[in-house]
Amino acid sequence: MALGGYANRIGHVDLTHGKVTYEPIPEEWARKYIGARGLGVKYVFENGPQVDPLSPDNILCFMNGPLTGTEANMSGRMAIVTKSPLTGTVTDSHHGGWSAARLRWAGFDGLIFKGKAEKPVYAYVHDGQVEILDASEVWGKGVHDTVKFFKEKYGEKDLTVIAIGPGGEKLARFANWMNENDRASGRGGTGCVGGSKNLKAVVVKAVKKMPKAADRDAWKPAHTRALAVIMDEKNITSPRKGALSVYGTNVLTNIDNNIGAFPTRNAQLAWFGDKAERISGEWVKENILVEDPTCHACPVACKKEVEIKEGPFAGLHMESFEYEPAWSLGAMCDNDYAPSIAKMIDLCNDYGLDAIEMGDVLAMYMEASEKGYTNGSGGLQWGDYMGMVETIHKIGKREGIGDILAEGTERAAKHFGHPEISMTVKGQGIPAYDPRGLKGMGLGYATSNRGACHLRGYSPASELRLIPLHTDPLAWKGKGELLKLLQDLHAFSDSLDLCKFSAFAEGADEYAAQYAAMTGIPFTADDVLRAGERIYNLERYYNNLVGFREGSDYLPERFLREPSTAPGSKGHVCELDLMLEEYYKARGWVNGVVPEAKLKELEII
């Protein structure tokens, strides 16, 4: 393949037979689906939509994009792509750090695992080779001890360890892959798929060897322009000045709480009142912050490392106190004790469990307990953080009530006989935005191809005025077109694979210029959006073939029928049906189904 930026090498690992083959990427696939998310989805699509997510026939892809590991800013992201055991949809979940860059420096665009190993194994990746080795010494260990083991074995320098914890081994449906201790491919149960294959870790050893652009003359101005907008002081990405850099993602807690878009007590409320301040990014910076780590080629440094010095969790040193888990394990569960949230995030990271879904399932369990739905099986009270810690241990080990809750929020709520208290879409728990106060996000949850998700099309960027395109958070009109635009743009950046936060500063023009210079393919902003649209439609087509058809884009009834009582959004519900009509028209879909004409127009079939 003549395109710049790619190693043009995929490691195909047959775990059943312990064999590895190396193949180039079909050039047509690279041109159409770019890399990372898009290319991973194409491999999953070609593997067939009817596969059981936990069968040996499902594939598990660790994918890079054409900008991965280059000088491109924020190019340290890896996409893990598979069919989800939580939702039954195609899913991709990304993590930061140095794993993606090192996989590229080791000579790979991706690794694709299929089959099931007879005994626990790990993949050791180096110098263009993949070795499948015995992992019995680390099976059963938490992520932190697993990382420590491999650092001692291979040396800390130039090493990345991506691992599952006991949650993945025990097939918790929202288990994840953890990179370098604290960076999560959090959503969709990718770690559960790893556990089903007896794959404990992917260990990569590689020295820095940055790929060079095919068009070096064009690369310099493209790279300079992208860096300039990231550094611009009017953008929240501006290092040590912009709010994202200063406070991390958790800068959003007070913002979303103040506008009545902060789901609280399992979304029975849309704000956390004065308690929100005690779990906010501002509180963290003032009281427990010790460091601002970063990822490959990233000047923003949004990560927040904290240390707890007093109370029951004294001595805890962990990364990263993010907005989403601060909400899920905080407001969603009526818990305003920040040190306990740090403890629970660290536990989720060690067990290898999605901290968003964890908060959702605990909040659902709390509401079930409050309303007497738990069939006498114990219970959990609002804000009982010690009880929450204990329950996380039970989920990670699948013991007692933990065995039911490890199935995820939707299945557990159905077990209690009350699916209406499950704040989920397509089986996945909602993130930290209440659709009654941020209407576009309601549409985003409903139409996400991987279940409830804020990252498919980040409409709060517009609704919270974080980008120049401003929209009213409480208005539903125009959100269909907005969501399509952002979903297509993010599908492309996820395929490069650049951090989602790049989109707070960069747009289609910057992405096109960098992609064109790196690959040597002439590319425009329109091409960016068309490639993104193609990827989004391929995902939707896959889900349609699985059985997600008319009526599959929905929200929990609570957001549609129970008006917000919060200042900022009082009296509002989410007008999903009106937005869906607008959205389907913009997409050219029929009630959520991609017609054959659209598939042909986008050259998917």
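Helix α7 (residues 216-231) and helix α20 (residues 508-519) pack at an angle of about 150°, and their axes lie 9 Å apart. Axes here are lines fitted to C-alpha atoms, for helices over the stretch in contact, and angles run from 0 to 180 degrees between N-to-C directions. Angles over 145 degrees count as roughly antiparallel, and α7 and α20 are therefore roughly antiparallel to each other. On the α7 side, the contact (heavy atoms within 4.5 Å) includes Ala218, Trp219 and Ala222. On the α20 side, Asp509, Glu510 and Ala513 are among the residues that take part.

This is a predicted model: local features need pLDDT of at least 70, side-chain atom pairs count only at pLDDT 80 or more, and totals for chains, interfaces and linings use all residues. Residues are numbered from 1 along each chain as its sequence is written, and side-chain values use heavy atoms, leaving out hydrogens and water.

Helices (H or I, at least four residues) and strands (E, at least two) are DSSP runs, numbered from the N terminus. Two strands pair if DSSP finds at least two bridges between them.

Now turn to a sheet. Six strands form an open sheet with mixed pairing, in the order β8-β7-β12-β9-β10-β11. β8 (129-134) and β11 (183-185) stand at the edges, each with a single partner strand, so one side of each has no neighbour in the sheet. From one strand to the next, the twist averages 20°. Strand β10 (residues 177-179) runs antiparallel to β11, and three bridges join them. Asn179 stands opposite Arg183 in β11. Helix α4 (residues 143-154) packs on the sheet, and its direction makes about 150° with that of β9 (159-163).

Next, follow strand β1 (residues 10-14). Four of its five residues are buried, meaning under 20% relative accessible area (1.4 Å probe, protein chains only). β1 pairs with strand β6 (residues 110-114) in the parallel sense over five bridges. Ile10 stands opposite Gly110 in β6. β1 also pairs with strand β2 (residues 19-23), in the antiparallel sense, over five bridges. Here Asp14 stands opposite Lys19 in β2. The hairpin of β1 and β2 has four residues between the strands, and Gly18 takes a positive phi near 65°.

Last comes the interior. A nonpolar core is a set of buried Ala, Val, Leu, Ile, Met, Phe, Trp, Tyr and Cys residues joined through side-chain atoms within 4.5 Å. The largest has 150 residues, of which Tyr43, Met358 and Leu362 touch the most other members. Helix α13 (residues 355-370) gives the largest share of this core, ten residues.

Technical notes:
Buried means under 20% relative accessible area, exposed over 50%, partly exposed in between (1.4 Å probe, protein chains only). Angles under 35 degrees count as roughly parallel, over 145 as roughly antiparallel, 65 to 115 as roughly perpendicular and the rest as oblique.
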